[in-house]
Amino acid sequence: MNENAMKTEVIPASAADMAPFIESVKAWTSDFALREGRAPRCHVLTFGCQQNEADSEKLLGMALQMGYEGTDDPANADLILVNTCAIREHAEKRALSIIGQFKHLKEQNPHLIIGVCGCMVAQEHRRSQLQKSYPYVSFVLCTSVLYRLPQYLAEVQARGKRLFKGEEELTVAEGLPIQRASGYRAYVSIMYGCNNFCSYCIVPYVRGRERSREPADVIREVQELVEAGYKDITLLGQNVNSYGKGRADGYDFADLLRELDRIPGDHMLHFMTSHPKDATKKLVDVMAAGKHIAHSFHLPLQSGSDEILRRMNRHYDRAQYLEILDYMREKMPDIAVTSDIIVGFPGESEADFEDTLAMLRRARFDMIFSFIYSPRKGTPAAEMPQQIPREVQNARFDRLLALQAEIAAEQNTPLTGTVQRVLCDGVSKKNSDIYNGRTPQNKIVFFEEPAPEGTWLSVRVDRAEAFALYGTVIK
Ligand code: SAH
Ligand code: SF4
Ligand code: F3S
């Protein structure tokens, strides 16, 4: 699968390493502008998780730095970067089908350069598929060398070469330009990669070994965001609780969070994701004592069956999960806890699934993200016997959603009549007569009073449903 999956040496990289390539692309874009009377345009299309969204902001940042303009319309673009996800088969299929649709854009605009980035292209079989069957794709770029975009682009532009290289190195690149999608909500990657090798998951193979940024670099970035007026800052990592692991000074995620909490301002800090095996009471204590740390916790359970958890290689059981969950609820009674659940893992019996339902009733999550198990090439679970038939998976999935909808409604009902702090996201995307925002617990709130995006509001909750709160702005 990924020839470099086991590589552990981390190479510090910096935007400065790319200086000659940046100059070369800049020369190309200014020639283009002279010839065409406009700057070349770049479109970035993102699939997958927040990590990919954060990476896309860097891809676009680098393109703008090199003289491109951003465009929302791929049909208008001279450079299309597709940032792909490989977590489930569906994600890969969607990306491939959209890349396929870009073929006709290349026919209309022969100068169009299409690059495929992200987790999917860290897999050898996908790289050769793109190279062979998608001749209009010019290059692939793995997440571990994201900062090399200028180099790849320069080589494609200068020599018309197609580049389908695998991951070359594990880097922590600092100093990349970031074109943030929002002016008040921001993502900050604090670490990259994953070492956990959950038996179903492709991420450790496609994102490489865990590596953390230096605390000073993270603190500086968060400080700058707060000074720039950002109100909601989410720290990102596949398993933020192993931040700093291996450091000689023992500095860990709780230490980082405590330092970040000291930055003055009216912002909130979120983080994701936490692995239950590494979530510590120290972290919970830092949250409970914090001023800026949102009382919200995403703690993926995956399954409520100890046997399935063991075969998922998760390294915790139900009892350990509940211990940390109960501790959180004790220290922060207003905390919202969300989770991820996989349905239909190989060998999942009806009794195993019932255990998951029982855990949902016990844990009382505010929300869950549920997924039907999708076999990933190269992962141990894909080779396990007793793959569950699709109809069984679907039926269990529906039962899971129905139960969670009941629980979520019960969790939200007591919020009726309370006043919530809400960060306004402006007009609702679905209904232009209604405004919406989110509480620090990440609950979505709808209200009628117009209010500007990125401002804090006090909203009295008039009605609480399973997936949303409805209220009135009181100031
Ligand atoms: N690092 C995070 C999230 C990783 S991906 C964590 O450990 O929780 C987000 C979610 O996708 C996972 O929590 C899991 O529920 C789901 N997922 C991962 N691989 C999957 C697969 N092969 N099939 C179905 N769901 C999967
Ligand atoms: Fe995947 Fe497990 Fe790592 Fe999360 S912790 S990214 S589920 S291997
Ligand atoms: Fe997908 Fe990669 Fe994220 S596989 S979920 S984009 S880490």
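A polar contact here is a pair of N or O atoms within 3.5 Å; within protein, one must be able to donate a hydrogen and the other to accept it, and residues adjacent in sequence count only if both atoms are side-chain atoms. This is a predicted model, where local features need pLDDT of at least 70, side-chain atom pairs count only at pLDDT 80 or more, and totals for chains, interfaces and linings use all residues. Residues are numbered from 1 along each chain as its sequence is written, chains are lettered from A and ligands numbered from 1 in the order in which they are written, and side-chain values use heavy atoms, with hydrogens and water left out.

Let's start with ligand 1. A backbone N or O atom of Ser374 sits 2.8 Å from one of its nitrogen atoms, and Tyr200 likewise puts a backbone N or O atom 3.0 Å from a nitrogen atom of ligand 1. Asp340 goes for an oxygen atom of ligand 1 instead, with a polar side-chain atom 2.6 Å away. On its own, ligand 1 has 540 Å² of accessible area, and the protein covers 89% of that (Shrake-Rupley method, 1.4 Å probe). Strands S14 (336-343) and S15 (367-372) are the elements that give two or more residues to the shell (strands are DSSP runs of E, at least two residues; helices are runs of H or I, at least four). A residue counts as near if one of its heavy atoms lies within 4 Å.

Ligand 3 has its own set of neighbours: Cys49, Asn52, Cys85, Ala86, Ile87, Cys119, Val203, Arg207 and Gln238. Gln238 is also among the residues that come nearest to ligand 1.

On a 1 Å grid over the protein atoms alone, a cavity is a set of points where a 1.4 Å probe fits but cannot get out; lining residues have an atom within 4 Å of a point. Grid points are joined across faces, edges and corners, and a volume is the space filled by probe spheres set on the points. There are 2 cavities of 30 Å³ or more.

| Cavity | Volume | Residues in the lining include |
|---|---|---|
| Largest | about 140 Å³ | Thr143, Ser144, Leu146, Thr171, Tyr192 |

Strand S7 (170-174) and helix H2 (50-65) each supply at least two residues to the lining of the largest cavity, and S7 gives the most, with 3 residues. H2 turns up again in the lining of the second largest cavity, along with strand S8 (185-189).

How values were computed. On a 1 Å grid over the protein atoms alone, a cavity is a set of points where a 1.4 Å probe fits but cannot get out, and a pocket is an open set with protein on both sides within 12 Å along at least five of seven lines; lining residues have an atom within 4 Å of a point.
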